[in-house]
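Please keep the sequence and the 3D view open while you read this note. Each point can be checked by eye.

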Amino acid sequence: MRHNSFSLPVSKGAGRRRARAGSKLTLAAGGLLAVLALAGCAGAPSSPFLPASTNAKAIHDLFLIVYAIVAVVFVLVAGMLVYTAVRFSRKRDATLPPQIEGNTRLEVAWTVIPAAALVVIFAFSLQTLFTISSPPPAAAGQAETSLQVRVIGHRWWWEFVYPSLNITTANELYVPTGVDLALGIESVDVIHSFWVPNLGGKKDGIPGHVNPFYLRVTEVGMYLGQCAEYCGTEHADMRLRVIAEAPDQFQAWVQRQQAPMPDLSGEAARGLDVFMKGACVACHTLDNTAAKGMAGPNLTHFATRKVFAGAVVDNTPENLARWLANPGSMKPGVTMPNLNLPPDQISALTAFLEALK
Ligand code: CUA
């Protein structure tokens with residue numbers, strides 16, 4: 001894990017007394033962080049304090065500036081409060097102290113100083129706002145490398161369309177590091193919000209409107225995301241993953257996604273038959289086939305995905321068979337209906353989908 005000013009204190013000689021006093025807290029917090037890290041499925045801990053993109057870094061830096069100003073104000077105000085309480089507390093048999101009303105100089109000071117602090121914070125905020133909302137040279141078409149991805153919110157999963165690469169996938173957004181990304185956040189139904197804490201601020205997906213989101217991922221890694229706008233029953237399970245890879249590894253992923261359907265035999269071939277003749281084609285697309293349904297995820301290379309169903313279910317044959325038998329039992333409210341498939345069709349479909357490498 002990378003180190004920054006928000007990492008937990010690790011006692012190293014200096015400040016040993018302080019370290020001992022805080023060691024219980026450190027231990028508790030460290031344990032919590034470890035649990036969170038494990039819960040993150042071996043990805044980077046999901047946190048805005050571990051910025052992995054240009055945007056997240058700009059927002060994080062702004063936070064540190066604001067935090068420093070706020071810390072000074074807190075220490076001053078709390079310090080004066082404690083001092084006053086102790087110094088001017090009522091002494092035994094003391095007489096009433098002189099009663100004063102109004103102090104123009106003091107009142108002007110406590111109006112002007114906070115106003116000045118707010119102006120400073122506003123200036124830094126505005127600067128950060130411009131930094132993260134202006135398209136980088138590449139995304140603006142002024143440089144070579146940039147990648148456009150349409151990010152489309154559905155109840156309750158994410159669709160990712162790479163227009164220049166002819167790839168459509170779901171729930172896992174693969175991107176190269178060091179390349180300017182121009183994401184367009186959209187929605188087909190209600191308002192969703194694209195939020196990957198390590199990569200920067202939230203951006204709403206609004207039906208009938210494209211919200212641009214420019215960033216460059218700087219660190220290789222897997223980052224967890226979550227829909228951040230309440231959108232119905234399965235809002236909490238509308239998750240996503242961003243997998244940032246070095247450009248050559250990203251190229252390998254692209255080639256895999258662009259490859260035609262692998263040759264199928266046996267159970268998997270039978271599954272393709274069930275798929276094409278059944279209800280699946282009404283909602284799902286398989287590139288270069290007659291299956292062109294748009295309501296559900298494009299399944300062309302389904303087996304290359306580690307998760308499905310809004311990135312909440314591990315993509316294993318067991319889970320997939322359970323899902324096909326009754327999607328609503330795994331994700332209540334899901335729009336995919338229970339097709340009451342007989343067991344032999346479920347096993348054929350499972351073999352087929354898990355063969356779509
Ligand atoms: Cu989509 Cu909440």
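Predicted model: local features only at pLDDT ≥ 70, side-chain atom pairs only at ≥ 80, totals over all residues.

The points below go from the whole chain to two local features.

1. Next, the overall make-up. The protein chain has eight helices and 12 strands. It counts 357 residues, and 37% of them are buried.

2. The accessible surface of the protein chain is about 20700 Å². Carbon and sulfur atoms account for 63% of that surface.

3. Look at one nonpolar surface patch. Val72, Val73, Leu76, Val77 and Met80 make it, and its area is about 470 Å². Val73 lies in helix H2, which covers residues 54-87. Is Val73 buried, partly exposed or exposed? Its relative accessibility is 42%. Buried means under 20% and exposed means over 50%, so Val73 counts as partly exposed.

4. Finally, find helix H5 (residues 266-277) and helix H8 (residues 343-353). They pack with their axes 7 Å apart, at an angle of about 105°. On the H5 side, the contact is made by Glu267, Ala268, Arg270, Gly271, Leu272, Val274 and Phe275. On the H8 side, the residues include Asp344, Gln345, Leu349 and Phe352.

Note on methods
Residues numbered from 1 in each chain as written. Heavy atoms only, no water. Patch = residues over 30% accessible without salt bridge, like charges linked within 9 Å, V, L, I, M, F, W, Y side chains within 5 Å. Areas by Shrake-Rupley, 256 points an atom, 1.4 Å probe, with all protein chains shown as cover. Salt bridge = Lys/Arg side-chain N within 4 Å of Asp/Glu carboxyl O. Helix = DSSP H or I, 4+ residues; strand = E, 2+ residues; numbered from the N terminus. Buried < 20%, exposed > 50% of the residue type's maximum accessible area, 1.4 Å probe, protein only. Axes fitted to C-alpha atoms, helices over the stretch in contact; angles between N-to-C directions. Contact = heavy atoms within 4.5 Å.
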